[in-house]
Amino acid sequence: RARQSAMGISRDSVHKRRLTGGKQKKWHKKRKYDLGRVSVHCKLSSNKTVRQIRVRGGNYKLRALRLDSGVFSWASEHCTKKVRVLDVMYNASNNELVRTKTLVKNCIVSVDAAPFKAFYQQHYGLELGQKGVSVDTLTPSDEGSNHHKRVIAARNKDRKLDAALEEQFTTGRLLACVSSRPGQSGRCDGYILEGKELEFYKRA
């Protein structure tokens, strides 16, 4: 029986033609630094799976195969929370990655709004996400000591909230962008969309 050769994935340019189109001789065999690995697309799943891969220099990469949560930051409020990723909404590179719920860097996902809603209530004394009620018409809750009331009142002086973002809190889901590389770091972290970026992706 013929022996099957296990062909490796190579990222070299030794086998390619010159820029001018001429053929060139192979001047060296395959090298370790030319190697490539099979791309493993990280899927959205509650069965979290992360693999460790030994790479050059004795270092390790973390290859996430399945994830369902990550650390997302709300930049304008300087607030970062671990939240559940609920769905993949948009991917500029390929719609197939949306259909298969693949998590890659810069994909747009919807995340659970509850941790950010709880932060807002604790920080400003205002409850977000009430249907038909604008947060600007609400008065901060007057529980706690006089000092605490003064702190809440001072925070509310400079408070600003994007109308489009406030609207999302009623649905319980926020649009966010993944800024980490799940296939390299084993994590799905990112930031909540705001302002012009949120406007753009709401249209998309």
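**Close-up 1. Trp 27, an exposed residue in a loop of the predicted model**. Trp 27 has a relative accessible area of 55% and is therefore classed as exposed, where exposed means over 50% relative accessible area, buried under 20% and partly exposed in between, with a 1.4 Å probe and protein chains only. Its place is the loop between strand 1 (9–10) and strand 2; helices (H or I, at least four residues) and strands (E, at least two) are DSSP runs, numbered from the N terminus. The model is predicted, so local features need pLDDT of at least 70 and side-chain atom pairs count only at pLDDT 80 or more, whereas totals for chains, interfaces and linings use all residues. Residues are numbered from 1 along each chain as its sequence is written, and side-chain values use heavy atoms, with hydrogens and water left out.

**Close-up 2. Two surface patches, one nonpolar and one positive.** Ile 9, Val 38 and Val 40 make up the nonpolar patch, and together they have about 250 Å² of accessible area, as given by the Shrake-Rupley method with a 1.4 Å probe, for which only the protein chains shown count as cover for residues. Val 38, in the loop between strand 2 (35–36) and strand 3 (42–44), is exposed at a relative accessible area of 57%. The positive patch consists of Lys 32, Arg 37, Arg 54 and Arg 56, and Arg 56 belongs to the loop between strand 4 (49–54) and strand 5 (60–67). Patches are made of residues with over 30% relative accessible area and no salt bridge, like charges being joined within 9 Å and nonpolar side chains (Val, Leu, Ile, Met, Phe, Trp, Tyr) within 5 Å. Lys and Arg count as positive and Asp and Glu as negative, while His and the chain ends are not counted; the place of a charge is NZ of Lys, CZ of Arg, CG of Asp or CD of Glu.

**Close-up 3. The buried face of helix 2**. In helix 2 (residues 114–124), the buried residues are Phe 116, Phe 119, Tyr 120 and Tyr 124. Viewed down the helix axis, these buried residues fall within an arc of 100°, so they line one face of helix 2; the arc is that of the directions from the helix axis to the C-beta atoms. Just after helix 2, Gly 125 adopts a positive phi of about 75°.

**Close-up 4. Salt bridges of the structure**. The whole structure holds 4 salt bridges, each defined as a side-chain nitrogen of Lys or Arg within 4 Å of a carboxyl oxygen of Asp or Glu. One of them joins Asp 87 and Lys 101 at 2.7 Å, N to O; because Asp 87 lies in strand 7 (residues 79–90) and Lys 101 in the loop between helix 1 (96–99) and strand 8 (102–103), the pair ties together parts that are 14 residues apart in sequence. Another joins Lys 202 to Glu 167, with the closest N and O atoms 3.6 Å apart; Lys 202 is in helix 6 (residues 195–203) and Glu 167 in helix 4 (residues 163–171), so this pair links parts 35 residues apart in sequence. Asp 189 and Arg 187 also meet in a salt bridge, at 2.8 Å, N to O, in which Asp 189 is buried at 17% relative accessible area and Arg 187 is partly exposed at 44%.
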